[in-house]
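Visitor: I have a few questions about the terms used for this model. Could you take me through them?

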Amino acid sequence: MSRWRYFAKRVLLSIPVLVFGASITFLVIRAGPLDPVSAILGPQGDPQAYEAIERRLGLNQPLWQQYIDYMVRLFTFDLGQSWVVQPNTSVYELVLSYAPRTIWLGFWSVLIAIFIGIPLGFYAGLNPNTFSDYVASFGGIVWRAMPNFWLAVILMSVLSQSEKILFGFDWEAWLVPTIVTGPPPLPDPIWGLFTNPDQFLRALKKIAPAAIVLGSASMGNEMRIGRTAVLETINSNYIETAKAKGVPPRSLVWKHIFRNALIPLVPIITGEAFLLIGGSVLVETVFDISGIGFLFFQGITNGDMPLVGSLMFIFILLVVVINIVQDLLYTIIDPRVGYDGGN
Amino acid sequence: MAQTERTETRSEQEPLLSVENLQTAFFTDKEVIRAVDGISFDIRRGETVGIVGESGSGKSVTARSIMGLVDTPGRILDGSSIRFDGEELTDKTEKEYRNIRGGDIAMVFQDPLTSLNPVYSVGNQIKEALRLHQGMKGAQATEEAIDLLEAVGIPDASRRVKEYPHEFSGGMRQRAVIAMALACDPELLICDEPTTALDVTIQAQILELLDDLQEKRDLAIMFITHDMGVIAETSDRVNVMYAGEVVESAPVEELFANPRHPYTQGLLKSIPGNQPDADRLETIEGDVPTPNEPATYCRFEPRCPKAFDDCTRVHPEGVEVNADADDHTAACLLYPEDESREEAVAVHDRRGNDEEVTNE
Amino acid sequence: MSGVNDDADASLVERIRETPQPAMRWLAGALALFVLEAGAVVNAVTGLFGSPVDIPTLLSRDVIPNNGYQTPAGVWEETFLGLSAGQAWAFRVVLIYLYAFIVAWWVWRGYLVFRKHYRHADWTPRDDMVDRLRGHRWGQFGAIIVFMFVVMALFAPALGPTTVERTISDPYSYHVEYYEDGELQNTTVGQANLGSRSQGNPDRNVGPMQYDDFGRFHPFGTIPSGKDMFTFMAAGARVSLFIGLVSIGISGFIAAAFALLTAYYKGLVDLVVVITGDSIMSLPRLLFVMLLSVVLGGSWISSIYNGGFLLALIFAGTGWPFLWRSVRGPAFQVAEQEWIDAAKSFGQKPRVTMQKHMAPYILGYLLVYASMSLGGIIVAVAGLSFLGLGISPPTPEWGRAIDMGQAYVTTSSWHISFIPGVMIVLVVTAFNALGDGIRDAVDPQSEGGDTSTEATAGTGGGA
């Protein structure tokens with residue numbers, strides 16, 4: 001089976017996963033013991049209003065009917081409204097205003113992880129058992145164990161009082177004036193970022209601490225895996241063959257070792273993307289970035305089930321898309337994919 | 001294998017590869033492993049020299065030492081000499097060595113499945129060699145790659161050149177590896193157990209291919225294996241290695257007809273085909289030792305059926321087995337066989353001391 | 001291993017009877033050690049069935065008390081041997097840990113005695129694994145830290161300077177005596193707490209290793225409500241360990257069962273489990289756990305251990321696919337072995353085949369991944385408590401401590417957020433190290449990076 005047919009197969013397989021995930025969400029929300037209507041109305045609501053809302057939410061229908069309605073709506077991207085967090089605002093609008101901040105955060109986190117973590121890991125693999133290798137590896141291990149919300153708390157506090165702690169270096173006044181917490185100022189329309197360097201810098205600096213926290217957590221893992229991947233590749237027979245052919249070291253590293261070492265890194269990179277979806281909640285809370293993770297948290301604590309249900313679907317969709325991207329990357333990098341059944 | 005009829009003029013020709021007193025050791029935290037401990041042999045142009053021995057005898061390390069592929073914690077010790085085509089290889093810088101690797105001396109490894117880089121096409125890898133040593137690029141290189149694949153007997157070469165290693169079968173992969181090794185017309189081809197990972201019918205095909213190529217290109221081949229049958233088929237000359245030393249060296253027919261060293265005798269006896277009527281298969285009891293110190297005794301002594309006292313005191317050097325044979329040597333205190341025991345031991349003793357003197 | 005041979009060899013009991021000395025010596029030591037803590041064990045066991053029986057234990061806070069006070073003359077009253085409160089506490093802690101390590105060592109000795117004298121086989125493959133563990137420094141480091149963590153959780157009531165009841169749950173029912181201005185005063189613990197709060201101000205702060213104004217010693221300082229932080233952390237250790245162990249236990253069992261079933265039956269069973277597992281794996285885990293913990297927060301399960309048991313179940317339910325994926329490889333490998341075919345061919349029941357022939361082979365791998373996932377769960381639980389979603393107060397949890405200390409990180413009360421974080425990093429690193437050690441012991445040739453590290457990454461530091 002050719003690589004691309006394998007890829008098509010994987011794309012097809014992700015549809016049942018999406019359906020299944022949405023169904024579970026439905027089960028939890030509707031069939032669970034939580035009562036969305038009370039959450040909306042508050043503890044004292046008169047029975048009439050209760051029934052009215054119930055009807056509007058479609059909750060007086062039999063469960064299977066609700067399920068079908070729910071699935072149909074989701075797959076036609078009718079995301080409904082938020083009822084508690086920002087009543088009568090469509091989820092779509094909310095997402096549009098909250099999501100860009102999370103995307104900005106996620107973008108830079110992934111970048112930091114990839115462009116610092118992987119080169120560090122490759123460097124450690126190419127120079128194994130040296131002092132810098134040990135330092136880097138040990139650092140990676142400890143960093144992996146660090147709870148990112150703790151790092152966020154510390155970083156936020158240190159930066160907001162940086163004159164006291166960092167020997168007079170004032171983070172908040174550095175380059176462009178920003179305060180440590182709060183959402184990054186993203187211009188509207190979004191491509192204003194690229195035309196206005198001052199805005200870009202401001203938004204970047206605002207998101208930097210949070211991105212460092214999120215990115216560095218994954219960085220430890222990528223470094224470790226990258227190091228192992230390089231070590232294994234270096235010791236493999238085809239590298240010896242290449243050496244015996246007289247291939248110079250530069251070409252050896254960049255052509256032969258790199259691409260092979262990247263293969264085991266692909267699931268790690270996409271794994272980090274999953275982390276962002278979950279981990280961003282904590283970091284967004286600490287740094288007060290009103291992103292989509294924070295919105296989800298608000299929705300849960302306020303019992304805004306319609307919002308939560310739609311957001312969950314979006315997240316699941318994101319995860320599925322990331323999986324597809326991962327398969328795409330595999331198909332491009334590794335020609336063996338799909339030949340003997342793939343990974 | 002084409003047995004060359006050059007035995008009379010053998011000693012007069014300048015050898016293509018001349019290895020003298022090669023010593024390669026690995027220095028780990030725990031111990032020093034003297035993988036190759038002072039071996040010497042020659043390879044002439046167009047000749048096939050077989051190196052045979054059990055696992056751990058140092059055959060592969062020899063090959064890698066010649067190629068300059070020995071990495072820390074191992075290194076070639078001072079006093080070793082590898083002369084190729086008149087030049088001393090042990091003096092070369094890494095950059096100079098890279099020109100030689102693949103261009104003048106090429107190597108084929110044991111496992112074709114893992115010898116090729118899985119993410120690049122076969123053609124790509126052959127063209128890489130062509131580009132490195134002959135500066136060929138583009139369409140010209142592709143043409144040459146296709147020719148090479150045809151030369152090694154791969155059908156439909158123009159389609160195959162774009163395919164990936166995993167799409168080739170085992171035997172074809174090894175052919176492709178050989179094609180890659182020959183891409184730059186080397187003068188010496190080192191084959192490290194090239195057929196061990198293949199099944200018997202494919203093995204025969206590959207050996208035939210090597211024979212063919214040797215004739216067409218006047219290729220010298222160093223053939224490393226543990227299989228005496230393959231040696232019999234392919235080699236002109238055989239060096240038997242044990243625990244890092246060459247214990248016997250002879251033309252192939254002479255070796256099989258008149259093996260002198262007890263180890264060689266044991267090896268030949270243990271081939272099942274040689275014992276058709278035996279009830280029990282004769283073997284050589286014991287394992288190959290891992291040498292840690294320089295040898296001041298015979299390393300085979302613990303397993304030798306013919307060992308005697310002096311064997312633990314005197315290190316056997318490679319001596320002619322008798323006064324007439326000038327190309328059959330054996331490192332055993334029993335030889336030269338036409339001298340008395342004490343005199344023979346004295347010969348070894350003297351030779352050993354001479355060598356020590358010249359080494360210091 | 002022992003006693004089930006039906007050839008002429010003796011059973012374990014008979015073998016012991018043959019050479020009784022080593023076994024007797026070991027039993028004597030074990031009995032002596034047990035006596036030291038017998039009171040506590042009896043207390044715990046009878047406590048399960050009703051009102052606990054109170055037998056004095058040697059290593060308890062009653063025997064080595066540290067809740068005394070200091071007279072103006074500088075003499076300490078009501079502490080162990082008149083030592084200062086801090087010293088008495090330190091002494092007790094050292095004793096407890098010493099005891100724990102001696103017990104562990106004695107158990108190890110017992111295993112060695114068994115191996116040398118009473119085991120039927122001279123050597124089993126497990127011996128090689130154990131020997132590899134013995135030389136593995138990193139794994140041993142992990143094992144020691146994990147052991148200390150477990151001891152902290154098990155001995156929490158005896159380890160802290162005070163108990164959870166006194167300072168956290170019921171502070172107004174207990175009293176403390178202290179000297180103030182030359183007079184012996186007596187107030188409730190609750191009042192004392194109010195006076196010992198750590199709220200960022202150097203005047204109103206009790207830092208690590210300090211005494212508060214009431215003569216009480218605080219090894220980790222106090223939290224903003226004035227309660228002792230070490231007691232808080234020790235009790236929190238219990239909660240984290242409980243949730244971790246229960247959830248890993250359940251998900252490990254499910255993962256192992258599924259792995260064996262799918263490897264044995266293959267085909268349709270495999271397909272169903274794969275689809276189910278993949279679907280669960282593709283749900284964003286932390287978010288889903290948050291959702292479930294809120295939705296099910298009102299149910300009866302969440303009242304067990306203040307939500308701890310519910311959390312354990314949720315983690316188990318969302319976590320089994322990762323563990324299953326990890327042991328699926330080894331399970332399939334074992335299913336390909338010929339002895340499985342042989343067992344099938346003479347009609348061996350599937351359940352017995354799986355238990356006897358397949359399970360031992362995946363057990364090692366299961367341990368490795370379980371150990372690594374445990375760390376991730378601890379971090380995740382801390383994260384949930386940090387948000388206020390996990391364990392509800394007043395049950396202590398490390399994440400909540402970090403939350404409480406958020407505002408004070410750059411002040412003199414930095415210890416409130418800092419110490420729990422450091423401890424989390426230490427414990428999680430130790431679990432990972434232990435997993436590394438077990439993996440190197442079980443399979444020395446396995447690679448350093450494996451596909452399931454993606455899974456542990458999902459539950460690890462990123463959570």
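Guide: What follows sets computed values against their cut-offs, for a model that is predicted.

Visitor: Why is C:D436 called buried?

Guide: Buried means under 20% relative accessible area. C:D436 has 11%, so C:D436 is buried. The residue sits in helix α16 of chain C, residues 415-442.

Visitor: What does C:D436 touch, leaving aside residues up to four places away in sequence?

Guide: C:D436 touches A:R224, C:H136, C:W138 and C:M372. Each counts as a contact because heavy atoms come within 4.5 Å.

Visitor: Why is A:L63 called partly exposed?

Guide: The class lies between buried, under 20%, and exposed, over 50%. A:L63 has a relative accessible area of 43%, so A:L63 is partly exposed. A:L63 belongs to helix α4 of chain A, residues 63-75.

Visitor: What makes the phi of A:D288 worth a remark?

Guide: Most residues other than glycine have a negative phi. A:D288 is not a glycine, yet has a positive phi of about 60°. A:D288 lies in the loop between α13 (265-287) and α14 (292-302) of chain A.

Visitor: Is A:D288 buried, partly exposed or exposed, and how do you know?

Guide: The relative accessible area of A:D288 is 38%.

Visitor: Why does B:D156 count as partly exposed?

Guide: B:D156 has 44% relative accessibility. Exposed needs over 50% and buried needs under 20%, so B:D156 is partly exposed.

Visitor: How do you know whether the radius of gyration of chain B agrees with that of a compact globule?

Guide: The globule rule is 2.2 Å times the number of residues to the power 0.38. With 360 residues, that gives a radius near 21 Å. Chain B has 21 Å, so the value agrees with the rule. Along the principal axes, the C-alpha atoms of chain B fill a box of roughly 70 × 50 × 45 Å.

Visitor: What makes up chain B?

Guide: Chain B has twelve helices and 13 strands. Of its 360 residues, 54% are buried. Chain B exposes about 16,400 Å², and carbon and sulfur atoms supply 45% of that.

Visitor: Which side chains of chain B count as positive and negative, and how many are there?

Guide: Lys and Arg count as positive, Asp and Glu as negative. On that count chain B has 35 positive and 70 negative side chains. The centres of the two sets lie 6 Å apart.

Visitor: What domains does the assignment of chain B give?

Guide: Domain 1 (1-91 + 187-248), domain 2 (105-185) and domain 3 (296-360). In chain B, the C-alpha centres of domain 1 and domain 3 are 23 Å apart. Their contact takes eleven residues from domain 1 of chain B and ten residues from domain 3 of chain B.

Visitor: What is the secondary structure of chain C, and how much of chain C is buried?

Guide: Chain C has 17 helices and six strands. Buried residues make up 52% of its 463 residues. The accessible surface of chain C is about 21,000 Å², with 63% belonging to carbon and sulfur atoms.

Definitions and conventions: Residues numbered from 1 in each chain as written. Chains lettered and ligands numbered in written order. Predicted model: local features only at pLDDT ≥ 70, side-chain atom pairs only at ≥ 80, totals over all residues. Heavy atoms only, no water. Helix = DSSP H or I, 4+ residues; strand = E, 2+ residues; numbered from the N terminus. Buried < 20%, exposed > 50% of the residue type's maximum accessible area, 1.4 Å probe, protein only. Areas by Shrake-Rupley, 256 points an atom, 1.4 Å probe, with all protein chains shown as cover. Charge placed at Lys NZ, Arg CZ, Asp CG, Glu CD. Domains from an automatic or database assignment.
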